[in-house]
Amino acid sequence: MRHPSFLALGAFCALGLLGAVDASAQPARPEHADLPPSTIALTDLRAFRPTSANWRVAGDASADRTKQLALVAEPGTGVLVNVPTDAAKGHLLTTWEHGDLDLSLDVMLPRASNSGVYLMGRYEVQLFDSWGARTPTFADIGGI
């Protein structure tokens, strides 16, 4: 049985696209106008398509590992948090498409969580609470 996904991504992605530097540090050049940013600033959700209320930007998040699906978000910026409800379970999609990239994620999952990050709309990196799994499979955290 799949449980609602509760996910906190710290510094959601630091994309090292072919050695590109921080997009804010360089003036925009016409030949690179269609390239995605080299990092996504998590001050708001502008880098993402409109989504439901389960996604927010926070300053910090904590999970109570003694309770299932318990995640608390603190005010601020820099951390992407997903706290779905029965009414709000939308996906989060970037406003840009990509090909090859280096993706770096720090994730925190409350107990019994199940989620994933889809790349190119097709390949899912599994984010599943597999703590204590003695023989991990493709369905456990990090599986493709």
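Residues 24 or more positions apart supply 57% of the protein's contacts with a separation of 6 or more; a contact here means heavy atoms within 4.5 Å. Keep in mind that this is a predicted model, where local features need pLDDT of at least 70 and side-chain atom pairs count only at pLDDT 80 or more, while totals for chains, interfaces and linings use all residues. Residues are numbered from 1 along each chain as its sequence is written, and side-chain values use heavy atoms, with hydrogens and water left out.

Of its 144 residues, 33% count as buried, meaning under 20% relative accessible area; over 50% is exposed, and partly exposed lies in between (1.4 Å probe, protein chains only). The protein exposes about 9300 Å², with carbon and sulfur atoms supplying 56% of that; these areas come from the Shrake-Rupley method with a 1.4 Å probe, and for residues only the protein chains shown count as cover.

## What sits inside

The largest nonpolar core has nine residues: Ile-40, Leu-42, Ala-47, Phe-48, Trp-55, Val-57, Leu-80, Leu-92 and Trp-96. A core, in this sense, is a set of buried Ala, Val, Leu, Ile, Met, Phe, Trp, Tyr and Cys residues joined through side-chain atoms within 4.5 Å. There's also a second, separate core of six residues, including Ala-61, Val-79, Val-81 and Val-83.

Take Val-57 from the nine-residue core. Setting aside neighbours within four places in sequence, Val-57 touches Leu-42, Thr-43, Asp-44, Leu-45, Gly-76, Thr-77, Gly-78, Val-79 and Leu-80.

## Three salt bridges

The count of salt bridges comes to three, taking a side-chain nitrogen of Lys or Arg within 4 Å of a carboxyl oxygen of Asp or Glu. Arg-46 pairs with Asp-44, their closest N and O atoms 2.9 Å apart. Arg-46 is exposed at 67% relative accessible area, while Asp-44 is partly exposed at 27%. Lys-67 and Asp-64 make another bridge, at 3.8 Å between the closest N and O atoms; Lys-67 is partly exposed at 49%, and so is Asp-64 at 28%.

Then there's Arg-65 with Asp-129, where the closest N and O atoms are 3.1 Å apart. This pair links distant parts of the chain: Arg-65 is in the loop between β2 (55-63) and β3 (71-82), and Asp-129 is in the segment after β6, 64 residues apart. Arg-65 is partly exposed, at 36% relative accessible area, but Asp-129 is buried at 17%.

Strands β5 (residues 114-119) and β6 (residues 123-128) pair antiparallel over six bridges; DSSP has to find at least two bridges for strands to count as paired. Tyr-118 stands opposite Glu-124 in β6. The two strands form a hairpin with three residues between them, and Met-120 in the turn has a positive phi of about 60 degrees.

Tyr-123 is in strand β6 and counts as partly exposed because its relative accessibility is 42%.

Conventions
Helices (H or I, at least four residues) and strands (E, at least two) are DSSP runs, numbered from the N terminus.
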